[in-house]
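Please look over the sequence and the structure shown here before reading on. The report that follows takes up a few topics in turn.

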Amino acid sequence: MGRLTAGVATAAMVCAAASGCVTVHGEREVLPGASRAEAEQALQDFLTAYNAADKAFDPALDADRVTGSLGAINQAGLKARQTYNPDGNKAHEPLVLDDTTYVIPKKAGWPRWFLADTDSNRDEDGGKLDTRWLVAFVRSGPDALWKASYLAVVPPSQVPDFVLDGDGFATPVEPRDGGLAVPPAELSTAYTGYLSDGEPDVFAPGPATSGWRESRRTEQRAGFSYQYVDQPLTSAAFAPLGLRTEDGGALVFFSSRHFERQTAAKGLKPEVNADVKALLSGEVDSSLTKERLSSQLVHVPRRDAGSGSPAAGKVRVLNRLPGLVAAKGE
């Protein structure tokens with residue numbers, strides 16, 4: 001991906017996998033997900049690999065440092081760009097992430113994780129375009145590498161205060177926490193259901209919710225029809241990650257899959273751009289189906305949050321990161 005902002009811009013927090021904690025070698029003691037030194041090294045290893053891959057447009061160079069929806073989007077983007085830029089990225093500018101705060105939750109067993117709240121060299125510090133990059137790192141076992149699984153880019157004002165213990169460690173959110181408006185394990189299913197049918201109506205209005213539904217409804221092009229299918233992603237590397245916030249709610253990352261099928265009338269063909277062509281299987285005759293993965297960063301309020309406005313008590317999407325991962329022609 002040329003720049004993480006364009007190909008991978010947005011997201012960030014951390015919670016237990018949808019299926020619950022996985023213990024390895026009988027490890028049941030509640031421990032910090034990482035030491036500060038481990039977290040610092042994980043971030044540096046990610047940056048080194050990402051910059052090498054971006055410079056060469058070679059997905060193999062950072063394949064072992066990314067996972068989940070972020071990894072799928074990153075790898076597909078690099079694969080596409082390598083296809084039509086075989087000599088690499090002539091506009092490469094190294095990504096720098098600094099001014100980092102490490103938010104490290106305590107939990108038992110594996111996987112373990114932490115959040116890096118960073119400043120990038122892709123924005124304008126101090127102004128309206130100032131942003132924080134939130135990168136969630138996951139480690140699946142004691143011998144596994146730390147991998148970046150989610151990323152979100154948000155204004156500094158949207159980075160919440162987290163619940164910390166006396167030692168400064170954060171509190172992870174349980175996947176099926178019934179005290180939240182929507183448990184993290186149910187967010188992906190709720191989101192894809194809402195996009196498809198408008199139910200459940202648990203998301204606050206915004207570009208990634210009501211706005212997206214409206215743009216689908218009104219999308220028109222003479223001679224073409226559109227169909228959409230939304231699928232939840234909830235397990236393994238795509239599990240939601242979330243942290244408890246001081247307002248009683250939680251900041252949560254979750255993933256989803258989205259298909260867009262474009263069908264042309266006789267005598268017409270869907271347009272195929274360079275990225276689609278690079279990831280295309282089959283031949284585009286009358287239809288083109290694009291497959292995208294998406295990660296969302298949301299604030300989930302307490303279940304008993306007050307009312308008073310249309311958005312009160314509803315899940316707010318703070319950032320959405322979509323990316324094309326495949327295409328099929330027919």
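## Two cis prolines

Pro-111 sits in the loop between strand E3 (106-107) and strand E4 (112-120). In this predicted model, the peptide bond that joins Trp-110 to Pro-111 is cis, with omega at about 0 degrees.

A cis peptide bond also joins Glu-199 and Pro-200, and its omega is likewise about 0 degrees. Pro-200 belongs to the loop that runs between helix H4 (187-197) and helix H5 (210-218).

## The chain as a whole

The secondary structure of the chain amounts to six helices and 12 strands. Because a compact globule of 330 residues would have a radius of gyration near 20 Å, the 20 Å found for the chain agrees with that expectation. Along its principal axes, the C-alpha trace spans about 70 × 50 × 45 Å.

Of the 330 residues, 50% count as buried, and the chain exposes about 14,800 Å², of which carbon and sulfur atoms supply 49%. Among the contacts in the chain with a separation of 6 or more, 72% are accounted for by residues 24 or more positions apart.

## The largest nonpolar core and helix H2

In soluble globular proteins, nonpolar side chains tend to be buried together. The largest nonpolar core here has 36 residues, and those with the most contacts inside it are Phe-46, Leu-97, Tyr-102, Phe-114 and Phe-137. Helix H2 (residues 36-56) contributes the largest share of this core, namely six residues. An aromatic cluster is formed by Phe-46, Tyr-50, Tyr-102, Phe-114, Phe-137 and Trp-146.

Helix H2 has 21 residues and reaches 31 Å from its first C-alpha to its last, which is close to the 30 Å expected at 1.5 Å a residue. An α-helix has 3.6 residues a turn, so residues three or four places apart point the same way.

## Two residues with positive phi

Helix H2 is followed by Phe-57, which has a positive phi of about 50 degrees although it is not a glycine. Phe-57 lies in the loop between H2 and helix H3 (68-84), and because its relative accessible area is 5%, Phe-57 counts as buried.

Ala-236, also a residue other than glycine, has a positive phi near 50 degrees. The loop that holds Ala-236 runs between strand E7 (224-233) and strand E8 (241-244), and with a relative accessibility of 71%, Ala-236 counts as exposed.

## Aromatic pairs

How many aromatic pairs does a search of the whole structure find? The search finds nine. In one of them, the rings of Tyr-150 and Phe-253 have their centres 4.7 Å apart and their planes at 5 degrees, so this pair is stacked. The pair links distant parts of the chain, since Tyr-150 is in strand E6 (residues 147-154) and Phe-253 is in strand E9 (residues 250-264), 103 residues apart. Both Tyr-150 and Phe-253 are buried.

Tyr-194 and Phe-203 form an aromatic pair that is tilted, with 5.8 Å from centre to centre and 50 degrees between the planes. Tyr-194 is buried, with a relative accessible area of 7%, and Phe-203 is buried as well, with a relative accessible area of 2%.

Key:
Residues numbered from 1 in each chain as written. Predicted model: local features only at pLDDT ≥ 70, side-chain atom pairs only at ≥ 80, totals over all residues. Heavy atoms only, no water. Core = buried A, V, L, I, M, F, W, Y, C linked by side-chain atoms within 4.5 Å. Buried < 20%, exposed > 50% of the residue type's maximum accessible area, 1.4 Å probe, protein only. Helix = DSSP H or I, 4+ residues; strand = E, 2+ residues; numbered from the N terminus. Expected span 1.5 Å × (residues − 1). Rg over C-alpha atoms; globule rule 2.2 N^0.38 Å. Contact = heavy atoms within 4.5 Å. Areas by Shrake-Rupley, 256 points an atom, 1.4 Å probe, with all protein chains shown as cover. Phe/Tyr/Trp six-rings, centres within 6.5 Å; stacked < 30°, edge-to-face > 60°.
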